[in-house]
Amino acid sequence: MRVTTIPVGLSLLLVGTLMSDRGIAVEIVGHRGASYDAPENTLSSVKLAWKQNADAVEIDIYLTKDHQIVVIHDDSTKRVAGKEKLVVRQTLDELKSLDAGLWKNEKYKDERIPTLAEVLDTIPDGKRLFIEVKCGPEVAPELARVLKSSGKRPGQTAVIGFSLETVEVIKKAMPELQVYWIVQLKHNKKTGQWLPHRGAMIRCAQRAGLDGVDIGKLESVDKEYIDAFKKAGLQFYCWTINDPAEARRLAKIRVDGITTDRPGWLREQLSPSSP
Ligand code: G3P
Ligand code: CA
């Protein structure tokens, strides 16, 4: 686990985060790996994110027909491998026969859809993997088995998901893991409100015993908004931020982590030496 000390005389120790943006700590999470540069959710993308010094990597998972956990964002293989068939209707062998890199660039030809176990194997010491569960709670037993046999410490993996029911089941099954609820805020043009309401999200996350939230669409989010989550004992992550000015703003108002397609580049943009 990495430990970094804040400069300017503060004797505060931060666990698992790096400094950026003029002394503010924020965890940089590579979205689907380093997916701006490499085909999302592949081993090349994940390894490139580690090479780019991401603090963490985020990937998406589904269960296959033969109950293996694979790393892919969509429920079908159409977009990344050109085969219009649901992941859940294909065996691991069938999925492994597909090319999941060519769509991005000729140089990634022959890239395969990885298993979760293969991705877990790449996590360097002091870094962690955010596993987004795209399927339902039925994945929990296999997820527990794969995580256990990976030999990774619980602190090296976190689980995220849009389904409150699913993340609650996973947190209950593996309380030692950090588990976060993903929410995309939506603007109601008629009322001017952003939904769901902050208070409702906090209550839901607390009731489910979660460790925090991972929020998308952050226009309405300010420091007071984030402080409310922190006061409630919840961590606050956000996605998907590729704009340095927005990343700087979010780091200043103390989000715990920023998910980005460009982890290396974004960190450079946030560094004290960047104009
Ligand atoms: O970190 C959450 C984010 O990954 C959710 O969006 O569509 O990229 O899975 P998506
Ligand atoms: Ca995701």
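Arg 254 sits in the loop between α9 and β16. In this predicted model, Arg 254 has a positive phi of about 70° although it is not a glycine. Its relative accessible area is 39%, so Arg 254 counts as partly exposed.

Lys 230 pairs with Asp 256, and the closest N and O atoms of the two are 4.0 Å apart. Lys 230 belongs to helix α8 (residues 223-231), while Asp 256 is in the loop between α9 (244-252) and β16 (257-260), so the pair ties together parts that are 26 residues apart in sequence. Both partners are partly exposed: Lys 230 has a relative accessible area of 32%, and Asp 256 has one of 21%.

Arg 32 is found in the loop between β4 (24-31) and α1 (43-51). With a relative accessibility of 16%, Arg 32 counts as buried, because the limit for buried is under 20%. Arg 32 also takes part in a network in which salt bridges that share partners join Arg 32, Glu 40, Asp 74 and Arg 79. One salt bridge among these residues is that of Asp 74 with Arg 79, where the closest N and O atoms are 2.8 Å apart. Arg 79 is partly exposed, at a relative accessible area of 37%.

Which charged residue is buried yet has no salt bridge? Glu 58 is such a residue, and the nearest side chain of opposite charge, Arg 32, is 5.1 Å away. A salt bridge needs a side-chain nitrogen within 4 Å of a carboxyl oxygen. Glu 58 lies in strand β5 (residues 56-63). Leaving aside neighbours within four places in sequence, the contacts of Glu 58 include Val 29, Gly 30, His 31, Arg 32 and Gly 33. Phe 130, Glu 132, Ile 160 and Thr 259 are also among the residues in contact with Glu 58.

Glu 132, one of those contacts of Glu 58, is itself buried, with a relative accessible area of 5%. Unlike Glu 58, which has no salt bridge, Glu 132 forms one with Lys 134, and the closest N and O atoms are 2.7 Å apart. Lys 134 counts as partly exposed, at 23% relative accessibility. In total, the count comes to 17 salt bridges.

Another backbone feature is the cis peptide bond between Leu 195 and Pro 196, with omega at about -5°. Pro 196 is in the loop between β13 (194-195) and α7 (198-207).

These details belong to a chain with 10 helices and 16 strands. The radius of gyration is 18 Å, close to the 19 Å that the globule rule gives for 275 residues, so the chain is as compact as a globular protein of that length. The C-alpha trace spans about 55 × 40 × 40 Å along its principal axes. Of the 275 residues, 52% count as buried. Among contacts between residues at least 6 apart in sequence, 58% join residues at least 24 apart.

The chain exposes about 12600 Å², and carbon and sulfur atoms supply 53% of that area. As for charge, the chain has 41 positive and 37 negative charges, and their mean positions are 3 Å apart.

Definitions and conventions. Residues are numbered from 1 along each chain as its sequence is written. Chains are lettered from A and ligands numbered from 1 in the order in which they are written. This is a predicted model: local features need pLDDT of at least 70, side-chain atom pairs count only at pLDDT 80 or more; totals for chains, interfaces and linings use all residues. Side-chain values use heavy atoms; hydrogens and water are left out. Helices (H or I, at least four residues) and strands (E, at least two) are DSSP runs, numbered from the N terminus. The radius of gyration is taken over C-alpha atoms; the globule rule is 2.2 Å times the number of residues to the power 0.38. Buried means under 20% relative accessible area, exposed over 50%, partly exposed in between (1.4 Å probe, protein chains only). Contact means heavy atoms within 4.5 Å. Accessible areas come from the Shrake-Rupley method with a 1.4 Å probe; for residues, only the protein chains shown count as cover. Lys and Arg count as positive and Asp and Glu as negative; His and the chain ends are not counted. The place of a charge is taken as NZ of Lys, CZ of Arg, CG of Asp or CD of Glu.
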